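Welcome! Here is a short tour of one structure, taken a topic at a time.

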Amino acid sequence: MSDALESSPYAGRWVARLEGRIVAHGGTPEQARLAAQKGHFKERLEIDYVQPAALLPLSPLVERVRLALPDQEIYLVGGAVRDALLGKTSHDLDFAVPRNAIPLARRVADALRGDFYILDESFDTARVIVRAISPGELALTQGATMEPPAGRDFLDFASYRSAKGPSGSATHRPETLEADLRGRDFTVNAMAYDVRNGTILDPFAGAADLRARIIRAVTNTALEDDPIRILRGVRLAAALDFKIDPSTRRAMKASAHLLPAISPERQRDELFRMLDGPRPDASLRAVEMLGVFPYLLPELAAMKGVGQSAPHVADVWEHTLGVIRQLDDILAALALSRSAEDNGDLFTGMLSLRLGRYREQFAQHFAMALNPDRSLRALLFLAALYHDVAKPATKTVEASGRIRFFGHDADGAEAAARRGRAFNLSNGEVERLQRIIANHMRFHFHVNRLEVEGKQPSRRAIYRFFRDSGSAGVDLVLLGLADLRGTRGHLLTEATWASGLEIARLFLENYWEKPEESISPPRLLNGNELMHEMELSPGPVVGQLLNAIEEAQAMGQLGSRDQAITFAREWLAAKGGRPAEDATGSSR
């Protein structure tokens, strides 16, 4: 907890003084006055604000907004205030003003030389996007000592808003800041920082809930007003490692059935933020316990209680949560910021030893995106969540009692694709989901073959693995390792884990260190040249032949254009196409 919360019992609070003695306090001047008047209704009271001993670590842009809008009533609200009280600096800044938010945002954009966008004209909201400020600009900001942030800062401006309906739109426009804060989701997000004088307004005791580490709804109807707050509250509790207030938890459960009224895009965005945040397995378990899945991810409900044979140590649902937990741990162990001293157990140490040299490549891989608003990391966790979704429907029991799930990979890929399309994911995201889930058993085949038979994947197997998965092959390797640990749990042996790591190392080594040799060798012939040499017409056979040539290259069988032409003739002859020699009996 930051010094701003711990420096004084009244730090960040409004107090009522009688002859210099504090007789009452509150989250706003009015609360302090009303509390004091209960026992001192005739005395003359002084109301003032107790500044925290430490300055709040606010973005320097807050001060620049004040300078751009002198004397304007304007408040920093929501998560940025919460984070500041927790000692963190946010670069997503929400500002509330009484009215005219759009023209005020335009003035700020001009002053900060940022990009300006109208988010919703009917609700008077706009966004300013500012590039990361330079150290020189930072020095000009009064009291700024932090390092300049990387990337961009987002500044949203809105006129006072109030309660939300199921669609997420404001039901009416309030005229006061307190009414605006009353319409927000949780008390820790219902605080405001007065940009003009640096005071905090906290009418719903959000700072007290921060100290108590509690997520509490602002009003009894907050969850009913906007059910997407169910997911947001779970995500926030996981991110802050807070507990959800019991009454708020009951309201979440009672409002779950209202989620279908929320747009698929808002559902998707909250889910992706949850998957991209800390402890996604704990968040998903909480969502499942709140009864949300039938209304958000209905395919998952059938997984609970579906038994599995050895080597699985848990049913399908518990196994899935275990895989997500292990995937989170694996990504943390392979992060750029992770040092060798951070390895907490033998298996994590082995992971770092075998794959730690690829930390930079992993970071670059997840820095890419198929959509600017959603990360590949979150998409991988969605694939992990759905990788066994078809097991309940494909379950069979053999005479020996062994449980099998034939075709669950292909069926699961289709189920995930349907959910992705329902969430309006992009075509590229849906395709990646399908590739990961449809191919997730291939990793286990190679691990088992290495452990039982001592055989490593051939060059052809490595080429085909990435031919069928592309860059998602990296995700398949990571999911495969997490699946291995999630499957065997405490029964995982050092030998089995070593086999999994060796397969992972071999695949990643070929993908990142020898791509032109093993994965995508330089083309020896293009389609036009191939049609000319083979006297072929355009058609599917041309593409098949090009793929066959590339695979032969990856296997080390071809190294020149002439060899590729000879291979093409033999391939066509073997497939019943053109003969290897022309009518004169000589090769072209």
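A cavity here is a set of points on a 1 Å grid over the protein atoms alone where a 1.4 Å probe fits but cannot get out; the volume is the space filled by probe spheres set on the points, which are joined across faces, edges and corners. By this rule there are 2 cavities of 30 Å³ or more.

R523, L524, L525, L546, I549, E550 and Q553 line the second largest cavity, lining residues being those with an atom within 4 Å of a point. By class, 4 of them are nonpolar, 1 is polar and 2 are charged.

## About the model

This is a predicted model, where local features need pLDDT of at least 70, side-chain atom pairs count only at pLDDT 80 or more, and totals for chains, interfaces and linings use all residues. Residues are numbered from 1 along each chain as its sequence is written, and side-chain values use heavy atoms, with hydrogens and water left out.

## The sheet and its helix

Now to an open sheet, where 3 strands pair antiparallel in the order β2-β1-β3. Strands are DSSP runs (E, at least two residues; helices are H or I, at least four), and two strands pair if DSSP finds at least two bridges between them. Because β2 (21-26) and β3 (46-49) are at the edges with a single partner strand each, one side of each has no neighbour in the sheet.

Strand β1 (residues 14-18) is joined to β2 by 5 bridges, and V15 stands opposite H25 in β2. Helix α2 (residues 29-37) packs on the sheet and touches β1, β2 and β3, contact meaning heavy atoms within 4.5 Å.

Technical notes
1 Å grid on protein atoms, 1.4 Å probe; cavity = no way out; pocket = protein on both sides within 12 Å on 5 of 7 lines; lining within 4 Å. Nonpolar A, V, L, I, M, F, W, Y, C, P; charged D, E, K, R; others polar. Axes fitted to C-alpha atoms, helices over the stretch in contact; angles between N-to-C directions.
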